Amino acid sequence: MFVHTLLENMANSTFYPTYFMLVGIPGLEHEHIWISIPFCIIYVLALLGNLMVMVVILMSPRLHQPMFIFLSMLAFNDSLLSTSIAPKILSIFWFNIRAISFSGCLLQMFFIHSFTSIESGFLLSMAYDRYIAIYKPLLYNSIITIRLITRLVIVFVVRAVVLVGPCLVLISRFPAFKTNIIAHSYCEHMAVVKLAAADIRVNSILGLLVAFTILGVDLLFILLSYTMIFIAVFHLPSKSARLKAFNTCTPHMCVFLSFYSMAIFSFLSHRYGKKIPPYVHIIFSDSYLLVPPMLNPLIYGIKTTLAARRPGRS
């Protein structure tokens, strides 16, 4: 088999690669064409759906409100996130183009982890937006302003660069690698780190720290926001008011549950799921980066379209 032959040839040597070879999905190489069909459909739907959301929000003055501004930024980030992974995966599946330059691999890794970090930040912002809208409705317009949104975007972008950047620097400073074959379909951080012929403890600890700082902290604050929201909703005087409040939060809850549940499973299984077949883990890792960008416009699309057709707050 292609992968095993190359691994055997390089088993007893170390070198500094100028490029990496992406396997795709180990053990399912002969099924790549069939696997590519749902991946391609998901990617196309993600691009079209997010483009539609951005266009509808941009073209409708009624939707130039904080919640929909957050949604348009989420759609833009989803488009970039899915594009950072899908074209390379499809090139492996369709044309067997497995090679990726060393710098190209680091660049893809930076984009994937940065856009994931920014995605998490936007979900946190949207949870905070719903918290203020329900818990402090009279102060909503004075708290959730364009100035605040701009600052949050800057913070999330800077956070991604500051936290993800050092991981790439450490990888570039490895003196040698045991092999240049990445048993994955994209340049995932730990998948590349494990190839190094060096002590990888610092990289592993830094990866855990970055994951906790981004996903862990954001998820904690999102859960806290929704705890406060539920407390406020249950104290509303009428059943119709409670249902209306829940209705405004339901789409966001679906989005953040799908994103964080898949992210946590992918992260933990890569480090501790030794009994999980590699192809299961990799398919799930690919899906974690492609499925949420497809689902988000489907979840929010109906609400956005309906809001664009009638006046009123989100």
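Guide: Let us start with a term. A residue counts as exposed when its relative accessible area is over 50%, and as buried when that area is under 20%. Keep in mind that this is a predicted model.

Visitor: Why is N141 called exposed?

Guide: Its relative accessibility is 56%. The cut-off for exposed is over 50%. So N141 counts as exposed. N141 lies in helix α6, residues 140-143. Its C-alpha is 9.6 Å from that of Q65, a residue 76 positions away in sequence.

Visitor: What makes N96 partly exposed?

Guide: N96 has 47% relative accessibility. N96 sits in the loop between α4 and β2 (99-101). N96 also has a positive phi of about 60°, although it is not a glycine.

Visitor: How do you know that D218 is buried?

Guide: D218 has a relative accessibility of 2%. Buried means under 20%. So D218 counts as buried. D218 belongs to helix α9, residues 201-234.

Visitor: Which residues is D218 in contact with, leaving aside its neighbours within four places in sequence?

Guide: They are S120, G121, L124, R159 and Y260. Contact here means heavy atoms within 4.5 Å.

Visitor: Why is the link of C105 and C187 called a disulfide?

Guide: Their sulfur atoms are 2.1 Å apart. The cut-off is 2.5 Å. The pair falls within that limit, so it is a disulfide. In general, a disulfide is a covalent bond between the sulfur atoms of two cysteines. This structure holds one disulfide.

Visitor: Are C105 and C187 buried or exposed?

Guide: C105 has 0% relative accessibility, so it counts as buried. C187 has 1%, so C187 counts as buried too. Another cysteine, C167, is at 8% and therefore also counts as buried.

Visitor: What makes α2 roughly antiparallel to α4?

Guide: The axes of helix α2 (residues 32-59) and helix α4 (residues 86-95) cross at roughly 155°. Angles over 145 degrees count as roughly antiparallel. So α2 is roughly antiparallel to α4. The two axes come within 9 Å. The crossing is left-handed.

Visitor: Which residues make the contact between α2 and α4?

Guide: On α2 they are H32, I33, I35, S36, F39, C40 and Y43. On α4 they are A86, P87, I89, L90, I92, F93 and W94.

Visitor: How many helices and strands does the protein chain have?

Guide: The protein chain has eleven helices and three strands. From the N terminus on, the order is α-β-α-α-α-β-α-α-α-β-α-α-α-α.

Visitor: What share of the protein chain counts as buried?

Guide: Of its 314 residues, 50% count as buried. The accessible surface of the chain comes to about 15,300 Å². Carbon and sulfur atoms account for 73% of that surface.

Key:
Residues numbered from 1 in each chain as written. Predicted model: local features only at pLDDT ≥ 70, side-chain atom pairs only at ≥ 80, totals over all residues. Heavy atoms only, no water. Buried < 20%, exposed > 50% of the residue type's maximum accessible area, 1.4 Å probe, protein only. Helix = DSSP H or I, 4+ residues; strand = E, 2+ residues; numbered from the N terminus. Areas by Shrake-Rupley, 256 points an atom, 1.4 Å probe, with all protein chains shown as cover. Axes fitted to C-alpha atoms, helices over the stretch in contact; angles between N-to-C directions. Parallel < 35°, antiparallel > 145°, perpendicular 65-115°, else oblique. Left-handed = near helix turned anticlockwise from the far one by under 90°.
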